[in-house]
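Let's take a walk through this model, pocket and metal site included. Have a look at the picture before reading on.

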Amino acid sequence: MKKTLMIAAAAALVAGSVSTAAYASKPFCASCHAGHKDKVGPSFSSVVEAYGSTDAVFAFLNSDADLEPKVAAFASKAGTMKGQLKKYRKLNDAKKAEVRAWFESEIK
Ligand code: HEC
């Protein structure tokens, strides 16, 4: 009984630290993007508008399709995003999920 309780407590600790880590820092995208403001890259709200939905944006990010810039005002800067896209596609599923959660919180 005591042992079971200790295992449960340890599991709770681990779960706690994992969920804190998920929100401890913004993904690297944040150095060039924000939800409603253009920075080095277009605002995510203008990206969602160009794609039609957040699902469509992530369907593209998670595919292996080439980058064909859809936000006209930023089209000449596609070279900057190409390297970032490669970096994103190398992330594991958990990290990709963090990027999406952050993306969605930014466009709220
Ligand atoms: C070094 C700066 C930089 C970083 C870091 C960066 N981006 Fe970008 N991003 C850009 C620029 C510049 C564009 C505009 C050119 C383009 O649309 O391809 C862009 C465009 C985009 C687009 C629109 C692509 C299209 O089809 O028009 C999406 C979606 C996007 N970024 C998502 C992300 C996500 C998600 C991350 C993090 C995983 C990220 N970016 C990191 C600079 C960056």
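The largest pocket has a volume of about 570 Å³. Among its 30 lining residues, His33, Pro42, Phe44, Val47 and Met81 sit closest to the centre. (A pocket here is an open set of points on a 1 Å grid over the protein atoms alone, where a 1.4 Å probe fits, with protein on both sides within 12 Å along at least five of seven lines; lining residues have an atom within 4 Å of a point. The volume is the space filled by probe spheres set on the points.)

H4 gives the largest share of the lining, six residues. By class, the lining has 21 nonpolar, five polar and four charged residues.

## The iron

What holds the iron atom of the ligand? His33 (NE2) and Met81 (SD) coordinate the iron at 2.0 to 2.2 Å. The pair is 48 residues apart: His33 lies in the loop between helix H1 (2–24) and helix H2 (44–51), and Met81 in helix H4 (residues 78–89). (Helices are DSSP runs of H or I, at least four residues.)

His33 is buried, with a relative accessible area of 11%, while Met81 is partly exposed at 26%. (Buried means under 20%, exposed over 50%, partly exposed in between, with a 1.4 Å probe and protein chains only.)

## About the model

This is a predicted model, where local features need pLDDT of at least 70, side-chain atom pairs need 80 or more, and totals for chains, interfaces and linings use all residues. Residues are numbered from 1 along each chain as its sequence is written, and side-chain values use heavy atoms, leaving out hydrogens and water.

Note on methods
Donors are N, O and S atoms within 2.8 Å of the metal (3.2 Å for Na, K and Ca); water is not among the atoms, so sites may look incomplete. Helices (H or I, at least four residues) and strands (E, at least two) are DSSP runs, numbered from the N terminus. Ala, Val, Leu, Ile, Met, Phe, Trp, Tyr, Cys and Pro count as nonpolar, Asp, Glu, Lys and Arg as charged, and the others, Gly among them, as polar.
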